[in-house]
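Keep the structure open beside this text. We will go from a hairpin to its sheet, then on to single residues and charged pairs.

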Amino acid sequence: LALDLSSARGVIAVVRAGEVLFEAAFQSERSHNAQVFAPLTEALAVIGKDSAVIAVGTGPGSYTGVRISIAAAQGIALSRGWPVIGWPSITTVDAPEYRVLGDARRGHFYTAQVKGGRLVTGTEVVTAEAAQTEVAAGGVWVTLDSKRPLGLEQVALHEPDAVMLGRIVAALSDEELAARGALLLEPM
């Protein structure tokens, strides 16, 4: 079960053995809490009495949306005894390797490098000038923001992908699942 509410587009998916059993998306500027429960109920019905791992997209992005998805996941985990794994939303672009540029607010931006669904570097907060210089240096750049940061046309728009989030977490070893399940869930 994968939930990502880190952007205005909330997404919930159920993935088993690489197959998508359920996927629902909804637009919500600031009301994820009002819209998440109907698709979440449907997703849980698809899972039925089976056990599952819950994957939560931790951002960066909407702090409130990420907190809502964490709270919903923890409630389900407590009632069903399922583990919850937090995973960066910015790793869910379906590309082998890319750089991420996002608006960190107050005239700053964050960058990160992703390879194979994993952060190669942590997020780094940079100035607008530094962000423009990094993007100008080339490479594949994406953003999960609703618009291109700094209007940079080289930065492709993407949305968080709960199906990809589910596939990434499903591919983790039992040891990594256990280690990540022991970590505190918090927004990036």
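Start at the hairpin that E2 and E3 form, with two residues between the strands. Ala17 sits in the turn and has a positive phi of about 50°. Bear in mind that this is a predicted model. E2 and E3 run antiparallel, and eight bridges join them.

Is Val20 buried, partly exposed or exposed? Val20 counts as partly exposed, because its relative accessibility is 34%. Leaving out residues up to four places away in sequence, Val20 touches Val14, Val163 and Arg167.

Five strands make up an open sheet, in the order E3-E2-E1-E4-E5, and the pairing is mixed. Which strands lie at the edges? They are E3 (19–27) and E5 (84–87), each of which pairs on one side only. On average, neighbouring strands of the sheet are turned by 15° against each other, direction ignored. Helix H5, residues 162–170, packs on this sheet. H5 touches E1, E2, E3, E4 (54–57) and E5. The direction of H5 makes about 40° with that of E2.

E2 has a further pairing to trace. Strand E1 (residues 2–4) pairs with E2 (residues 9–16) in the antiparallel sense, over three bridges. Within E2, Ile12 is the bridge partner of Leu3.

Next, go to the loop between E5 and strand E6 (97–105), where Ser89 has its place. Ser89 is buried, because its relative accessible area is 0% and buried means under 20%. What does Ser89 contact, apart from neighbours within four places in sequence? The contacts are Asp4, Ser6, Gly57, Thr58, Gly59 and Leu144.

Finish with the charged side chains. Side chains of opposite charge can pair when their charged atoms come close. How many salt bridges does the structure hold? It holds six. One of them joins Arg16 and Asp50, with the closest N and O atoms 3.0 Å apart. Arg16 lies in strand E2 and Asp50 in the loop between helix H2 (37–47) and E4, so this pair ties together parts that are 34 residues apart in sequence. Arg16 is partly exposed, at a relative accessible area of 40%. Asp50 is also partly exposed, with a value of 40%.

Another salt bridge brings together the side chains of Arg99 and Glu134, at 2.7 Å from N to O. Arg99 belongs to strand E6 and Glu134 to helix H4 (residues 128–136), so the pair ties together parts 35 residues apart in sequence. Arg99 is partly exposed, with a relative accessible area of 25%.

The side chains of Glu176 and Arg118 meet in a salt bridge as well, again given as 2.7 Å, N to O. Here the link is between distant parts of the chain, 58 residues apart: Glu176 is in helix H6 (residues 174–181) and Arg118 in strand E8 (residues 118–119). Salt bridges that share partners extend this into one network of Arg118, Glu176 and Arg180. Arg118 counts as partly exposed, because its relative accessibility is 35%.

Definitions and conventions
Residues are numbered from 1 along each chain as its sequence is written. This is a predicted model: local features need pLDDT of at least 70, side-chain atom pairs count only at pLDDT 80 or more; totals for chains, interfaces and linings use all residues. Side-chain values use heavy atoms; hydrogens and water are left out. Two strands pair if DSSP finds at least two bridges between them. Helices (H or I, at least four residues) and strands (E, at least two) are DSSP runs, numbered from the N terminus. Axes are lines fitted to C-alpha atoms, for helices over the stretch in contact, and angles run from 0 to 180 degrees between N-to-C directions. Contact means heavy atoms within 4.5 Å. Buried means under 20% relative accessible area, exposed over 50%, partly exposed in between (1.4 Å probe, protein chains only). A salt bridge is a side-chain nitrogen of Lys or Arg within 4 Å of a carboxyl oxygen of Asp or Glu.
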